2 protein chains.
Amino acid sequence: MKLDSIDIRILDILQQNAELQTAEIAQQVGLSTTPCWRRIQRLKEAGVITRQVALLDAQKVNVGVTVFVSVRTSTHSQEWFESFKATVQAIPEVVEFYRMSGEVDYLLRVVVPDIAAYDRVYKRLIAGTQLHDVSSSFAMEELKLTTALPLGYVG
Amino acid sequence: MKLDSIDIRILDILQQNAELQTAEIAQQVGLSTTPCWRRIQRLKEAGVITRQVALLDAQKVNVGVTVFVSVRTSTHSQEWFESFKATVQAIPEVVEFYRMSGEVDYLLRVVVPDIAAYDRVYKRLIAGTQLHDVSSSFAMEELKLTTALPLGYVG
DNA sequence: CTTGAAAATCTTCCACA
DNA sequence: TGTGGAAGATTTTCAAG
């Protein structure tokens, strides 16, 4: 799908705040509401906008601690991978999970209330699947965390 | 702020999909629309719900490549930190940025279209600030990535 | 908390330039 | 593409049980 500069501005706005009404967005991009509404519709249908969600304050829901977990494994069978993947995906404290290139095989971001809770997640991780090496790093300070993707590479 | 089990179910729903109308959410949690609407309002005012955003398809906006960047530094002055922080926060390709405990001082998640684009971000990172050691790992596969926080620790 | 309903606001779509 | 407006939904507020 082709996106012009107005589409990009609309996406930029919606990535910051999806509660704005169509008329207000239209005004900000210099359109009247109908064509703006049509563009947003098109962006959703094309799957550029995948969904709209509420973001919560991590402190206020008591998961203020972020831990990055690096996993190295020796087993590389498909069967093992499927089982490990399913285990990890089912843990709600794991909010990100990647297969990596380089030294580390997998990288996870885990959010928990405290170290004790992390330890329980850790035990759940290593239970069941053979992991060669698991190393945890704690985030001391969150300097930036955004869901807004950069839009400079579109088109 | 105290959250009961109905609030938690409402948050769970809104974390998945913030487009649902109040009446539908009310039905799902077994309430009529008025009290459900009031709860959502309260959750926003209390700052539990911080905002509502549109999520985009990373492939479709041409930033399908995720890179994790580990930064080690020798300079630890406040002045240096402020300057580094400002530099990094201003780079839109950096979507996450943490100060870490342990071996690595900072960890960044960067999204770009390809390796060449990453190299430009990399150069921008090391320009200006003295970095002792910068190591990049590429994500080969995104196994899980969610904005939904676990709600098992509330209350 | 529930129901029911009124008022204000938005979204959605139509006809037309 | 764009504009303006009509029709239909929704949100938001209120009174009363």
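Predicted model: local features only at pLDDT ≥ 70, side-chain atom pairs only at ≥ 80, totals over all residues.
Residues are numbered from 1 along each chain as its sequence is written, chains are lettered from A and ligands numbered from 1 in the order in which they are written, and side-chain values use heavy atoms, with hydrogens and water left out.

We begin with DNA strand D. A residue is near a strand if one of its heavy atoms lies within 4 Å of it. Sugar or phosphate accounts for 65% of the atoms of DNA strand D within 4 Å of the protein, and bases for the rest. A polar contact is a pair of N or O atoms within 3.5 Å; within protein, one must be able to donate a hydrogen and the other to accept it, and residues adjacent in sequence count only if both atoms are side-chain atoms. Trp37(B) has a side-chain N or O atom 2.5 Å from a phosphate oxygen of DNA strand D. For Arg38(A), a polar side-chain atom lies 2.9 Å from a base nitrogen of DNA strand D.

Two elements give two or more residues to this surface near DNA strand D: α3 (33-45) of chain A and α3 (33-45) of chain B. Helices (H or I, at least four residues) and strands (E, at least two) are DSSP runs, numbered from the N terminus. The largest share of the surface near DNA strand D comes from α3(A), with three residues. Sorted by class, the surface near DNA strand D has three nonpolar, five polar and one charged residues. Here Ala, Val, Leu, Ile, Met, Phe, Trp, Tyr, Cys and Pro count as nonpolar, Asp, Glu, Lys and Arg as charged, and the others, Gly among them, as polar.

Next comes DNA strand C. The residues that surround DNA strand C include Gln21(A), Thr22(A), Trp37(A), Gly30(B), Arg38(B) and Arg39(B). Of the atoms of DNA strand C within 4 Å of the protein, 80% are sugar or phosphate atoms and the rest belong to bases. Phosphate oxygens of DNA strand C lie 2.5 Å from a polar side-chain atom of Gln21(A), 2.6 Å from one of Trp37(A) and 3.2 Å from one of Ser32(B). The elements that give two or more residues to the surface near DNA strand C are α3 of chain A and α3 of chain B. Here α3(B) has the largest share, four residues. The surface near DNA strand C has three nonpolar, six polar and two charged residues.

How are the two protein chains arranged? Chain A is superposed on chain B by a rotation of 180 degrees with 0.0 Å of shift along its axis (RMSD 0.0 Å). The two copies are thus related as by a two-fold rotation axis. Copies are superposed by least squares on the C-alpha atoms of residues with pLDDT of at least 70 in both. Val53(A) comes closest to the rotation axis of the residues of chain A, at 2.9 Å (C-alpha).

The contact, meaning heavy atoms within 4.5 Å, takes 68 residues from chain A and 68 residues from chain B. About 6300 Å² is buried between chain A and chain B, with carbon and sulfur atoms giving 58%. Buried area is the accessible area (1.4 Å probe) that two parts lose on being put together, summed over both. Leu143(A), Lys144(A) and Tyr153(A) supply 13% of the area that chain A buries against chain B, more than any other three residues.

Between chain A and chain B there are six salt bridges, a salt bridge being a side-chain nitrogen of Lys or Arg within 4 Å of a carboxyl oxygen of Asp or Glu. Glu19(B) forms a salt bridge with Lys44(A), with the closest N and O atoms 3.1 Å apart.
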